[in-house]
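Please look at the sequence and the structure shown here before reading on.

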Amino acid sequence: MDLRQLPNLGTLKAFEAAARLESFSCAAQELFVTHSAISHQIRALEAELGMPLFKRDGKRVALTDCGRRYAAQVRAALFDIAAATDAVRAGDRQRRLVISVLPPFAARWMTPRIGRFIERHPEIDVELLSTNAITHFNRDDVDVALRFGGGNYPGLFVEPLLDEVFFPVCTPGFNGGRLPKTPADLAGLTLLRNDDEMWGPWFQAAGLSGWSEPRRGVLYQDSSMLLQAALEGQGIALVRRSLAMQEVINGRLVRLFDIDGPSPGTYWFVCPPPLLETRRVTVLREWLHEEAGRFRALYAQCPSGVPLSAAAA
């Protein structure tokens with residue numbers, strides 16, 4: 001068999017549709033082409049085969065006996081091609097794990113850890129989508145979303161992954177190394193500002209009644225930018241535990257005081273319920289909870305004012 005002598009696949013698809021629907025017009029609508037395009041492809045196929053496939057009676061067409069036999073064989077072959085294509089696509093999709101993550105959490109929490117998941121499951125191809133956009137699972141090619149908030153996502157499987165707290169940090173060399181020893185010592189020091197990490201709730205937790213939000217200095221709209229400003233020694237930042245702990249562990253930042261501020265939200269594991277049955281989502285969920293537990297244990301070992309590496313030593 002010389003596969004080079006086969007008719008064009010597009011022509012065979014046009015013939016199969018016309019034969020099944022017994023109408024060139026309906027075949028054109030199904031394939032989103034014109035009536036004349038279908039007619040031209042059928043005539044070209046008949047010329048290539050050297051025999052008529054349709055009997056024409058004005059605008060009506062009907063298959064010849066040869067056309068009917070050929071249509072059945074072509075349809076079976078096209079179904080085999082479609083099935084093989086679906087199997088390949090499904091196999092590839094089963095290996096792909098697409099996770100939508102908020103950019104700061106992706107950069108500061110997921111990225112330092114995801115290598116352990118890849119080492120454990122090398123057969124899974126991980127795609128991290130770093131985005132603030134709301135995930136629409138019925139439209140977007142996403143398996144799991146990790147979101148920060150109140151957990152109100154109707155129609156989806158939702159479970160808490162990691163609770164959050166806020167605490168102040170600065171570099172070890174900030175203010176010439178003269179770090180504040182009590183919350184009251186923050187007076188007169190540069191407190192970095194961010195709309196998401198408000199100082200007011202932390203002031204209350206620290207017993208600093210009457211203290212108000214800082215009004216001067218740069219206002220950082222992004223949590224990662226706020227953290228980077230602290231790393232550059234620009235001041236003291238009130239940061240999320242999930243974003244800052246790696247820098248505290250590395251000794252680049254110092255956690256000030258043993259006082260945590262309340263968080264308005266929690267990190268949630270979100271996915272469509274049917275995807276919970278897939279292996280790629282199951283193993284990701286298990287791994288994320290392991291990492292969250294390990295992270296909480298690390299935080300419990302980290303005293304204020306001392307880098308974790310020094311505390312462990």
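A residue counts as buried when its relative accessible area is under 20%, and as exposed when that area is over 50%. With this in mind, the points below describe a model that is predicted.

**Helix α9**
- Helix α9 has 22 residues and reaches 32 Å from its first C-alpha to its last, which is close to the 32 Å expected at 1.5 Å a residue.
- The buried residues of α9 are Arg280, Val281, Val283, Leu284, Trp287, Leu288, Glu291, Ala292, Phe295 and Tyr299.
- An α-helix has 3.6 residues a turn, so residues three or four places apart point the same way.

**Packing of α5 against α9**
- Helix α5, residues 103-120, packs with helix α9, residues 279-300, at an angle of about 130°, and their axes are 11 Å apart.
- The two helices, α5 and α9, are therefore oblique to each other, and their crossing is right-handed.
- On the side of α5, the contact is made by Trp109, Met110, Arg113, Ile114, Arg116, Phe117 and Arg120, while α9 contributes Val283, Leu284, Trp287, Leu288, Glu290, Glu291, Ala292, Arg294 and Phe295.
- Sorted by class, the contact of α5 with α9 has 10 nonpolar and 6 charged residues, but no polar residues.

- His121 lies in the loop between α5 and β4, the latter being residues 125-130.
- His121 is buried because its relative accessible area is 9%, a value under the 20% cut-off.
- Leaving aside neighbours within four places in sequence, His121 is in contact with Arg279 and Val283.

Key:
Residues are numbered from 1 along each chain as its sequence is written. This is a predicted model: local features need pLDDT of at least 70, side-chain atom pairs count only at pLDDT 80 or more; totals for chains, interfaces and linings use all residues. Side-chain values use heavy atoms; hydrogens and water are left out. Axes are lines fitted to C-alpha atoms, for helices over the stretch in contact, and angles run from 0 to 180 degrees between N-to-C directions. Helices (H or I, at least four residues) and strands (E, at least two) are DSSP runs, numbered from the N terminus. Angles under 35 degrees count as roughly parallel, over 145 as roughly antiparallel, 65 to 115 as roughly perpendicular and the rest as oblique. A crossing is left-handed if the near helix is turned anticlockwise from the far one by less than a right angle, and right-handed if clockwise. Contact means heavy atoms within 4.5 Å. Ala, Val, Leu, Ile, Met, Phe, Trp, Tyr, Cys and Pro count as nonpolar, Asp, Glu, Lys and Arg as charged, and the others, Gly among them, as polar. The expected span of a helix is 1.5 Å times one less than its number of residues. Buried means under 20% relative accessible area, exposed over 50%, partly exposed in between (1.4 Å probe, protein chains only).
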